[in-house]
Amino acid sequence: EFIKKYANHPHYFAPVGNELHAKSWQTEAPLRMLLNNLNAEVAENPDELVVYGGIGQAARDRKSLQKIIEILLELDEEHSLLVQSGKPVGIVRTHPQAPRVLIANSNLVPRWATWEHFNELRSKGLMMFGQMTAGSWIYIGTQGILQGTYETFMSCGKQHFNGDLSGKLIVTAGLGGMGGAQPLAATMAGAVFLAADVDAERIKKRIETKYIDRMTDNYEEAKRWVKEALQKRETLSVGLVSNAGDMLEKLLNDNIIPDILTDQTSAHDPINGYIPNGFSLEEALKLRKEDPELYKEKSLKSMARHVSLMLQLKKKGAITFDYGNNIREFAKQGGELNAFDFPGFTPEYIRPLFCEGKGPFRWVALSGDPQDIYTTDEALIKAFPENTHLVNWLKMAKEKIAFQGLPARICWLGMGEREKAGLLFNDLVRTGKVKGPIVIGRDHLDCGSVASPNRETESMKDGSDAVSDWPLLNLMSNTAGGATWVSFHHGGGVGMGYSQHAGMVVLADGTDRAAECLKRVLFNDPAMGIFRHADAGYEKAEEVAEQFGIKI
Ligand code: NAD
């Protein structure tokens with residue numbers, strides 16, 4: 001009955017309201033979030049269980065999905081479910097404060113950690129790509145990356161344009177699940193925005209969800225719109241149906257130099273993500289199936305051309321950075337030896353936030369009622385009146401963001417703030433001020449949860465970029481602390497062999513049990529960022545440790 005109603009392929013959606021389908025909120029929560037990840041409003045391709053980020057999936061296949069749902073409907077608080085790359089593989093004896101679901105996705109022994117080996121296993125049905133929040137069931141649609149993208153553009157504006165992005169042009173590509181946040185983040189930051197995506201459907205989705213203002217497949221038209229907006233110093237976002245490199249080549253020929261230049265195509269996956277130039281979308285998809293080796297060769301060459309155009313625009317003055325898709329690495333493999341001549345976004349704009357234990361804190365109203373999120377917004381505004389940056393963000397988010405699937409919110413919170421917010425939400429549930437429990441999670445792109453030398457841990461002060469003990473310690477702390485589900489993944493963001501990272505989600509259901517878990521998890525999780533950065537020699541992290549009495 002339940003599966004027929006909520007998981008009737010490909011029409012997935014989470015139950016809403018206060019009625020339990022599972023035995024407790026501890027299992028109802030992951031059940032709702034798994035289905036929410038696959039809701040067509042949220043996921044990029046629910047038909048193939050793909051949520052976002054190339055082929056990032058929520059479950060390995062339909063049979064596994066169905067089995068996970070059946071188990072979550074029956075699981076009690078003395079047991080936990082083990083999920084191996086999207087397939088349920090066993091149930092272990094635990095206790096009420098333990099995580100109800102323990103997830104491992106896409107992990108391979110380092111010497112075998114390549115796309116080639118992974119794709120071989122995937123084709124045999126032995127693995128799936130979990131990306132970051134796809135396989136850990138806390139994807140909240142494009143909003144999930146919106147504030148991070150906004151913070152990055154703002155921080156870039158502060159460093160290079162006196163904090164004023166009006167009349168400035170941001171150019172990028174890739175308007176998929178995460179990249180689709182760029183246009184709204186850019187206009188929120190006051191800029192004019194132009195991005196290419198080869199897939200018109202992806203841009204249409206951003207128009208429908210109000211993330212982008214206009215779209216066209218005509219370069220000249222896009223150019224005219226952008227120039228007018230720049231002259232009038234008005235905000236505008238334009239999606240151009242085009243290959244990324246082709247658009248950059250035209251801009252270069254027309255001597256239109258972006259003020260800020262980046263990229264969020266799915267470059268992390270040269271076969272199943274990036275689309276090489278010289279092919280229509282259909283032709284590319286056909287070649288991908290028929291001759292993946294040739295496809296990869298074309299893809300790497302195309303990325304080399306793409307990055308070489310970015311380097312030329314950089315020489316002409318564009319502030320250029322890699323936006324976390326590993327395009328520099330694959331461009332280098334494709335022949336652009338200077339690919340690393342522009343930096344990644346973390347060392348440039350995000351690391352100072354990581355040193356304060358700040359990261360992408362997010363929460364979801366399991367009731368499905370948008371008013372619950374507005375109530376949490378108000379509660380945070382009251383609780384953190386001194387944090388004007390946060391208050392502005394929450395006000396702007398309420399006005400500009402259309403929810404996808406279950407209502408959710410993201411805002412970057414740091415050490416101390418996360419614990420305070422979590423306990424506050426638990427009280428809102430306890431006192432009935434919101435209509436149902438709330439789950440709190442985060443992206444794996446956080447201060448202490450990821451090792452990714454071309455992204456979050458690029459250019460660490462002590463050279464410890466590739467040390468992945470840290471995300472493992474993060475996983476263990478969150479498991480021991482009592483998160484409601486935890487996960488450990490490989491390859492998210494930047495592809496196989498390039499990252500390892502941990503995720504957690506913790507439930508606020510208004511109980512004392514939840515309050516105890518929240519206190520531990522929402523202290524330990526950001527504290528991992530402080531440990532990690534203090535250990536690497538960042539003074540700011542040491543200061544924050546002292547301020548919060550964190551024992552290093
Ligand atoms: P996605 O697969 O949903 O979307 C990628 C988009 O790129 C698609 O719309 C596709 O049509 C387009 N595309 C592919 N090749 C292209 C080309 N040559 N020219 C123009 N368009 C092209 O992926 P996503 O979730 O949006 O993530 C995008 C990338 O950003 C991934 O590599 C992901 O790992 C990375 N990422 C970065 C961050 C961050 O914080 N910076 C966060 C999440 C993901």
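Two residues count as in contact if their C-beta atoms, placed from the backbone, lie within 7 Å. By that rule Val-364 touches Met-33, Ile-140, Leu-406, Ala-408, Ile-438 and Val-439, leaving out residues up to four places away in sequence.

Some housekeeping: this is a predicted model, in which local features need pLDDT of at least 70 and side-chain atom pairs count only at pLDDT 80 or more, while totals for chains, interfaces and linings use all residues. Residues are numbered from 1 along each chain as its sequence is written.

Back to Val-364. Along with Phe-153, Ile-438 and Val-439, Val-364 has the most contacts inside the largest nonpolar core, a set of 168 residues. A nonpolar core here means buried Ala, Val, Leu, Ile, Met, Phe, Trp, Tyr and Cys residues joined through C-beta atoms within 7 Å. Buried means 20 or more other C-beta atoms within 10 Å of a residue's own, exposed means 12 or fewer, and partly exposed is in between, with C-beta atoms placed from the backbone. Helix α18 (residues 512-535) supplies the largest share of this core, 10 residues. Helices (H or I, at least four residues) and strands (E, at least two) are DSSP runs, numbered from the N terminus.

Now the domains, whose bounds come from an automatic or database domain assignment.

| Domain | Residues |
|---|---|
| domain 1 | 2-123 |
| domain 2 | 143-343 |
| domain 3 | 357-467 + 500-540 |

The C-alpha centres of domain 1 and domain 3 are 22 Å apart. Where they meet, 15 residues of domain 1 are in contact with 17 residues of domain 3. The domain 1 side of that contact has seven nonpolar, six polar and two charged residues. For these classes, Ala, Val, Leu, Ile, Met, Phe, Trp, Tyr, Cys and Pro are nonpolar, Asp, Glu, Lys and Arg are charged, and the others, Gly among them, are polar.

The ligand has 33 residues around it, the closest being Gly-176, Gly-177, Met-178, Gly-324 and Asn-325. A residue gets into this shell if its C-beta atom, placed from the backbone, lies within 6 Å of the molecule. Two elements give two or more residues to the shell, α5 (143-160) and β9 (192-197). By class it's 13 nonpolar, 16 polar and four charged residues, and domain 1 and domain 2 each contribute at least three residues.

β9 also sits in an open sheet of six strands, ordered β10-β11-β9-β8-β12-β13 with parallel pairing. Strands pair if DSSP finds at least two bridges between them. At the edges, β10 (214-216) and β13 (319-320) each have a single partner strand, so one side of each lacks a neighbour in the sheet. Six bridges join β9 to β11 (residues 236-241), with Ala-196 partnered by Leu-240 of β11. β10 pairs with β11 over three bridges, and Arg-214 has Val-238 of β11 as its bridge partner. All six residues of β11 are buried: Leu-236, Val-238 and Leu-240 point one way, Ser-237, Gly-239 and Val-241 the other.

Thr-457 is buried because 25 other C-beta atoms lie within 10 Å. Beyond residues up to four places away in sequence, Thr-457 touches Ala-451, Ser-452 and Asp-465.
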